[in-house]
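Please look at the sequence and the model below before reading on. The report then goes through some parts of the fold one by one.

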Amino acid sequence: MFSSSASSSQQHQLKDTELNPAPNDGISDLAFSPSSDLLAVSSWDNQTRIYDVQLNTFNSSFNSIPKTAIVHDQPVLSCAFSSDGSKVFSAGCDKQIKVLDLQSGQQIALQGHHDQPIKSIKWSATLNTLVSASWDKTLKYWDLRS
């Protein structure tokens, strides 16, 4: 059984905040950087936006400062960060995975693709590899060293 006083629950409650600017359509996925206060947000409006998220201790809310975006030709369904937080990955209905190097600002599309939309991407720190799952019933492992 859990119990808490009203004062302790109020201390831990943060105010709702909106992304500014917010995506123009529904949010499909989000990922936090493992090494900074960056947040990647993928959306049905064909973009993955990267925000710098900061806690405003004065009013217990978060501020989201837009940094950059990865643009696709169709809705984006998934996003992820590399283990060191230096790269953001974005994938979706255009069947491609795009990579943004946060240090250089360079954006590339990985060579190769799925035959159907990519539903999910995840970074494996153990394998140092990106893994994608598609509606074509396949998983693909992407070696980013080449």
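What follows covers the backbone, a strand pair, the cores, a pocket and the cysteines.

This is a predicted model, in which local features need pLDDT of at least 70, side-chain atom pairs count only at pLDDT 80 or more, and totals for chains, interfaces and linings use all residues. Residues are numbered from 1 along each chain as its sequence is written, and side-chain values use heavy atoms, with hydrogens and water left out.

**Backbone**

Most residues other than glycine have a negative phi, and most peptide bonds are trans. The peptide bond from asparagine 20 to proline 21 is cis, with omega near 0°. Proline 21 sits in the loop between α1 (6-12) and β1 (27-32). Helices (H or I, at least four residues) and strands (E, at least two) are DSSP runs, numbered from the N terminus.

Strands β1 and β2 run antiparallel and are joined by five bridges; two strands pair if DSSP finds at least two bridges between them. They form a hairpin, with five residues between the strands. In this pair, phenylalanine 32 stands opposite leucine 39 in β2.

Serine 42 is also in strand β2. Its relative accessibility is 0%, so serine 42 counts as buried. Leaving aside neighbours within four places in sequence, serine 42 is in contact (heavy atoms within 4.5 Å) with residues including Gly26, Ile27, Gln47, Val76 and Cys79.

**Nonpolar cores**

A nonpolar core is a set of buried Ala, Val, Leu, Ile, Met, Phe, Trp, Tyr and Cys residues joined through side-chain atoms within 4.5 Å. The largest one has 11 residues, among them Ala80, Phe89, Ile97, Leu110, Trp123 and Trp142. The elements that give two or more residues to this core are β6 (87-92), β7 (97-101) and β9 (118-124). Its largest share, three residues, comes from β9. A second, separate core has nine residues, including Ala40, Cys79, Phe81 and Leu100.

Tryptophan 123, one of the residues of the largest core, touches Ala80, Phe89 and Leu130, among others, not counting residues up to four places away in sequence.

**The largest pocket**

On a 1 Å grid over the protein atoms alone, a pocket is an open set of points where a 1.4 Å probe fits, with protein on both sides within 12 Å along at least five of seven lines; lining residues have an atom within 4 Å of a point. Grid points are joined across faces, edges and corners, and a volume is the space filled by probe spheres set on the points. The largest pocket holds about 270 Å³ of space. Its lining has 13 residues, of which Thr17, Leu19, Leu39, Val41 and Val53 lie nearest the centre. Two or more lining residues come from each of β1, β2 and β4 (61-71), and β1 gives the largest share, three residues.

**Cysteines**

How many disulfides does a search of the whole structure find? The search finds zero, where a disulfide is a pair of cysteine sulfur atoms within 2.5 Å. Cysteine 79 is buried at a relative accessible area of 3%, and cysteine 93 is buried at 10%.

Notes
Buried means under 20% relative accessible area, exposed over 50%, partly exposed in between (1.4 Å probe, protein chains only).
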